[in-house]
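User: Please take me through the salt bridges of this model, setting each value against the definition behind it.

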Amino acid sequence: MNKLAQTIAAGAAAAASIVSAAGADTWRFNNFLPETRPETAELEKFAADVNETLGEEQIKIYSGGSLGLPNTDTMRFLPKGAVEMSLMWANYLGRDAPALSSVVVQGTIGSIEEFEKAIPTVRKIYEEEFADWGVSSVGYAAIPMLSVSVFCRDEPVNTLEALKSKKLRVWARDQVETFTRLGVAAQIIPQEEMYVAMKTGVVDCALYPALYAHTVSLQEVASHAAFLYPMASGPYVIGVATDKWEATDEATKAAITEAADALWERTNQYEDDFERELAARGELSEAGVTWAEDFPQEDRDIFVAAVTETWAMLAEEAGGNAPAYRERVLTALGR
């Protein structure tokens with residue numbers, strides 16, 4: 001058994017070991033996000049709505065990777081029944097489904113207006129792609145229009161030129177490719193390892209949204225920050241194995257669908273995102289983070305140009321449906 005199979009098997013065993021505590025008929029919902037994330041609260045509300053409608057605990061959320069199932073392996077373990085339901089994010093699934101990585105490359109959509117044009121097309125693409133893996137998309141949770149900043153341990157960095165002398169933590173391959181184009185040494189470090197990597201100097205700086213920085217205690221290891229770019233992301237998807245979904249009774253399906261529609265309605269709102277960003281920066285400042293001036297517009301334009309090149313490259317490299325997906329999103333954007 002190879003290492004990946006062992007990891008999935010171990011996660012499945014851990015998930016199975018808690019079935020008795022949750023109840024044999026309870027659906028285990030694998031949520032890779034920490035309990036402290038606002039999205040987790042929304043998912044808890046989704047589960048509570050389903051359970052209230054059905055009059056029983058049909059869905060139970062397990063957050064923060066507590067089931068031991070890697071978020072990069074969702075399309076492997078979910079169809080196999082390791083859990084009944086799981087949160088999925090396309091940007092984590094590019095190894096198995098490369099075309100997903102080129103649907104929405106972070107940094108290419110710079111406004112709420114553009115994002116709202118693209119969302120219906122992005123959701124449709126996700127539905128089609130996941131179906132090919134035996135996964136039904138039964139719900140969506142929107143991700144806020146985030147402001148991504150460069151957090152640094154020892155000194156402020158707010159120009160691309162200065163960033164070239166630093167080691168930068170990122171979370172996705174498209175970011176590695178983009179920063180490499182810009183002459184910046186970037187490496188993927190998982191969220192759960194970022195704190196130690198910053199503290200020990202494995203990296204000097206980390207790319208992260210201020211809105212969520214407190215959930216990983218980033219303010220304890222970063223003394224400086226500066227805004228670089230706005231980030232729109234495709235929504236989180238709630239997935240169920242297609243054979244499981246097709247075998248589910250209509251009452252349960254209806255309860256899940258109704259709760260999922262309400263979840264989308266609650267989260268697909270972006271008007272207050274900037275105010276929340278400013279509030280988050282204020283809280284981080286009180287915790288000791290010094291905010292430098294934003295990266296200059298010239299640098300931000302250079303960054304967007306590099307991201308656009310990365311998007312085209314990734315789509316071409318992925319092949320298959322990827323170029324067509326990119327064209328569908330560009331058409332939705334009116335480009």
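Analyst: Buried means under 20% relative accessible area, exposed over 50%, and partly exposed in between, computed with a 1.4 Å probe on protein chains only. The model is predicted, so local features need pLDDT of at least 70 and side-chain atom pairs count only at pLDDT 80 or more, while totals for chains, interfaces and linings use all residues. Residues are numbered from 1 along each chain as its sequence is written, and side-chain values use heavy atoms, leaving out hydrogens and water.

User: Why is R335 called partly exposed?

Analyst: R335 has 49% relative accessibility and therefore counts as partly exposed, in the range between the 20% and 50% limits.

User: What makes R335 and E114 a salt bridge?

Analyst: A salt bridge is a side-chain nitrogen of Lys or Arg within 4 Å of a carboxyl oxygen of Asp or Glu; the closest N and O atoms of R335 and E114 are 3.0 Å apart, so the pair qualifies. By this rule the count comes to 20 salt bridges.

User: How do you know that E114 is buried?

Analyst: E114 has a relative accessible area of 19%, which is under the 20% limit, so the term buried applies.
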